[in-house]
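Subject: The model and some notes on it

Hi there,

Here is the structure I promised to pass on. My notes follow below it, so please keep both open side by side.

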Amino acid sequence: MLITVTRTGGFAGRERTASLDTEYRGDGAELERLAERALSGECPADREPVPDGFAYVLHIDGKLVELRDPYLTDEQRQLIAAVLGEGA
């Protein structure tokens, strides 16, 4: 499974994109479960953005979801942190 996260916004307004392929990872099965739960979770991109908050676009095997901080589910936050290699 290919997972790509693009993060925009924040205080500096920088864009960051990272991807990972779960096929050859030891934690691949867990990341795939997180991805499925992230896709099925609430998608609150239409909520009012918070000042200096982050917006995320997740591409998961051809599916797309747009999200905003601080409205992420736990699964979405964990997946974003794993892909970006830093906290969400």
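Is F54 buried, partly exposed or exposed? F54 counts as partly exposed, at 27% relative accessibility; here buried means under 20% relative accessible area, exposed means over 50%, and partly exposed is in between (1.4 Å probe, protein chains only).

Some ground rules before the rest. This is a predicted model, in which local features need pLDDT of at least 70 and side-chain atom pairs count only at pLDDT 80 or more, while totals for chains, interfaces and linings use all residues. Residues are numbered from 1 along each chain as its sequence is written, and side-chain values use heavy atoms, with hydrogens and water left out.

**Around F54**

F54 and Y56 form an aromatic pair: their ring centres are 6.2 Å apart and their planes are at 50 degrees, so the pair is tilted. For rings of Phe, Tyr and Trp (its six-membered ring), pairing asks for centres within 6.5 Å; planes under 30 degrees apart are stacked, over 60 edge-to-face, and the rest tilted. The count by this rule comes to one aromatic pair. Y56 is buried, at a relative accessible area of 1%.

F54 also has a charge over its ring: the charged end of R7 sits 4.4 Å from the ring centre. That label needs NZ of Lys or CZ of Arg within 6 Å of the ring centre and within 35 degrees of the ring normal. R7 itself stands opposite R16 in β2.

**The strands**

Helices (H or I, at least four residues) and strands (E, at least two) are DSSP runs, numbered from the N terminus. Two strands pair if DSSP finds at least two bridges between them. β1 pairs with β2 in the antiparallel sense over six bridges, and with β3, again antiparallel, over seven bridges. T6 has T17 in β2 as its bridge partner, and I3 stands opposite I60 in β3. In the hairpin of β1 and β2, six residues lie between the strands, and G10 takes a positive phi near 80 degrees.

S19 is found in strand β2 and is partly exposed, with a relative accessible area of 44%. Its side chain makes a polar contact with the side chain of T4, at 2.7 Å. Such a contact is a pair of N or O atoms within 3.5 Å; within protein, one must be able to donate a hydrogen and the other to accept it, and residues adjacent in sequence count only if both atoms are side-chain atoms. S19 and L84 are 65 residues apart in sequence, yet 7.7 Å apart in space, C-alpha to C-alpha.

T22 lies in the loop between β2 and α1 and counts as buried, at 2% relative accessibility. Leaving aside neighbours within four places in sequence, T22 is in contact (heavy atoms within 4.5 Å) with M1, I3, G28, L31 and E32.

**Helix α2**

Which residues of α2 (residues 74-84) are buried? They are Q76, L79, I80, V83 and L84. These residues cover an arc of only 115 degrees around the axis, which puts them on the same side of α2; the arc is that of the directions from the helix axis to the C-beta atoms. The buried residues of α2 pack against β1, β2, α1, β3 and β4. After α2 comes G85, whose phi is positive, near 75 degrees.

Best wishes
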